[in-house]
Amino acid sequence: MADLDDLKDTKEYYLDIPQKSEAFYLKGLNAIDWGMQNRLARIFNPKTGRTVMLAFDHGYFQGATTGLERIDVKIMPLAAYADTLMLTRGILRSIVPPSFTQSIVMRASGGTSMLKELSNEEIAVDIEDSIRMNVSAMAVQVFIGGENEKQSIINMTRLVDQGTRYGIPTLAVTAVGKDMVRDARYFRLATRICAELGAHYIKTYYVEKDFETVTASCPVPIVIAGGKKIPEFDALKMAYNSIQQGAAGVDMGRNIFQSEAPVAMIKAVRSVVHENETPEKAFELYNSLKANE
């Protein structure tokens, strides 16, 4: 213990300097606990307030889809360039090394395959496993307008309650069925419901018309889903437009790991998200890096 005989009077109180009380930098999340904010700060870069998430949790309902046949070979070389990995607990335990320091968002819902009705999901991961795995957030699918809409919403609210108890944020992922219209009106509805019921941030799809109304009406951060594979320039343009219209990041999978040059592509996406690079400049970067990949 300290030597009490040589104890000096304190005098550096800095009375002329008010104590700082900084607001948390993510929209709508200033009132949540320190632990949740700290986990979200691992997902969203504090310097930009944005994130590049690499999604490869598709196997939880699709199995070994194209590009994910060998995650250790195809995905792990990309991991260092992502702010966050979105994956299942099975892949996290079996493939991702414990020395990996980027944030983890773990898929927590499931229960059906692509051969059945996808909206028939339940919470498939115990909160204790999320704690054991030291994840930064848990992801749950929400099927607004789907056959099992109510169950998926209750899944989300239960996950929010469990996560709040232990300081782990919930990412609500808005799913769009084959018969649903993908427009701003639908996504305003879906994202707002998720936010109103407690989701800490939301993954949804970008639409060209009125997407800024989706981000404006949602009180918590939105990241966009990459969706199906499209040409690299189009994917970069989608990322750019979404960021300029209020998104706080992207969660891309197939548009990165199914690219001709995945490392070049994720670096180009990072330039758009964190450096506000235009699609044209980012595509030039992609092509220059592709030549060396």
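Predicted model: local features only at pLDDT ≥ 70, side-chain atom pairs only at ≥ 80, totals over all residues.
How many positive and negative side chains does the protein have, and how far apart do the centres of the two sets lie?

View 1. Residues are numbered from 1 along each chain as its sequence is written, and side-chain values use heavy atoms, with hydrogens and water left out. As for the charges, there are 33 positive and 36 negative side chains, with the centres of the two sets 4 Å apart. Lys and Arg count as positive, Asp and Glu as negative, while His and the chain ends are not counted; each charge is placed at NZ of Lys, CZ of Arg, CG of Asp or CD of Glu.

**View 2. Overall fold and packing.** The protein has 13 helices and 10 strands, both taken as DSSP runs numbered from the N terminus (helices H or I, at least four residues; strands E, at least two). Along the principal axes, the C-alpha atoms fill a box of roughly 75 × 50 × 40 Å. Buried residues come to 49% of the 293 (buried is under 20% relative accessible area, exposed over 50%, partly exposed in between, with a 1.4 Å probe and protein chains only).

**View 3. Strand β6, wrapped up.** All 6 of the 6 residues of β6 (residues 137-142) are buried, so the strand is largely enclosed by the rest of the structure. In a regular strand the side chains alternate between the two faces of the sheet. Here, Ala-137, Ala-139 and Gln-141 are buried on one side, and Met-138, Val-140 and Val-142 are buried on the other.

**View 4. The neighbours of β6.** Strand β3 (residues 103-107) runs parallel to β6, joined by 3 bridges; pairing takes at least two DSSP bridges between two strands. Strand β7 (residues 170-174) also pairs with β6 in the parallel sense, over 5 bridges. Look at Ala-139: Arg-107 stands opposite Ala-139, and in β7 its bridge partner is Leu-171.

**View 5. Asn-120 out on a loop.** Asn-120 sits in the loop between β4 (109-110) and β5 (122-123). With 42% relative accessibility, Asn-120 counts as partly exposed. Asn-120 and Glu-277 are 157 residues apart in sequence and 40 Å apart in space, C-alpha to C-alpha.
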